[in-house]
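Let's take a friendly walk through this chain, starting with its overall layout and moving on to its charged side chains. Please keep the viewer open as you read.

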Amino acid sequence: MKPIKADWTDVVLVCRKCAKKLDGGFGPDSDETLPKALRAAIAEREGGKPMKKPRRKGAGVAVIEVPCLDICPKNAVIVIPARRPGRWLSVARGTDLDALLDDIAPRRDED
């Protein structure tokens, strides 16, 4: 095995199928999917550009879309914060992203 260094401090897994089914409902105008809105909120919080796909360098928090998690809530998306993998969240359409980020991926300086 060869270790690969990542600049991330946190990883957030988002169900791709749930996000696609909801087709929006997040962000300032409620027209973005949850992964896209989360990436934008993280970039705004950290003072950078939103990442389209997770990379090794860039944001301190990576939002990674994963295949269906077989929970399938109505009008919500399943989110798993890697910091607390035993605590899955059902995030309803229109949820305040700043409050969600504070819960799932606190700022780097708060660690």
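## Overall layout

Helices (H or I, at least four residues) and strands (E, at least two) are DSSP runs, numbered from the N terminus. On that basis, the protein chain has 3 helices and 4 strands, and from the N terminus on its elements run β-α-α-β-β-β-α.

A word on the ground rules: this is a predicted model, in which local features need pLDDT of at least 70 and side-chain atom pairs count only at pLDDT 80 or more, while totals for chains, interfaces and linings use all residues. Residues are numbered from 1 along each chain as its sequence is written, and side-chain values use heavy atoms, with hydrogens and water left out.

## Surface and contacts

Buried means under 20% relative accessible area, exposed over 50%, and partly exposed in between (1.4 Å probe, protein chains only). Of the 111 residues of the protein chain, 37% count as buried. The accessible surface comes to about 7100 Å², with 51% of it belonging to carbon and sulfur atoms; accessible areas come from the Shrake-Rupley method with a 1.4 Å probe, and for residues only the protein chains shown count as cover.

Contact here means heavy atoms within 4.5 Å. Among contacts between residues at least 6 apart in sequence, 63% join residues at least 24 apart.

The side chains alternate along β4.

## Salt bridges across the chain

Side chains of opposite charge can pair when their charged atoms come close. A salt bridge is counted when a side-chain nitrogen of Lys or Arg lies within 4 Å of a carboxyl oxygen of Asp or Glu, and a search of the whole structure finds 5 of them. One of these joins the side chains of Asp10 and Arg83 (3.1 Å, N to O). This pair links distant parts of the chain: Asp10 is in strand β1 (residues 10-15) and Arg83 in the loop between β3 (76-81) and β4 (89-92), 73 residues apart. Asp10 is buried, at 4% relative accessible area, while Arg83 is partly exposed, at 36%.

Glu65 forms a salt bridge with Arg39, and their closest N and O atoms are 3.8 Å apart. Glu65 lies in strand β2 (residues 61-66) and Arg39 in helix α2 (residues 34-46), so the pair ties together parts that are 26 residues apart in sequence. Here Glu65 is partly exposed, with a relative accessible area of 28%, and Arg39 counts as buried at 11%.

## A charged network

Asp103 and Arg84 also meet through their side chains in a salt bridge (3.3 Å, N to O). Asp103 belongs to helix α3 (residues 97-104) and Arg84 to the loop between β3 and β4, so this pair ties together parts 19 residues apart in sequence. Asp103 is partly exposed at 27% relative accessibility, and Arg84 is partly exposed at 32%. Arg84, Arg87 and Asp103 are linked in a network of salt bridges.

## Arg45 in helix α2

Which residues does Arg45 touch, not counting residues up to four places away in sequence? They are Val61, Leu101, Asp102, Ala105, Pro106 and Arg107. Arg45 lies in helix α2 and is buried, with a relative accessible area of 18%. The side chain of Arg45 reaches the backbone oxygen of Ala105 at 2.7 Å.

Definitions and conventions:
A polar contact is a pair of N or O atoms within 3.5 Å; within protein, one must be able to donate a hydrogen and the other to accept it, and residues adjacent in sequence count only if both atoms are side-chain atoms.
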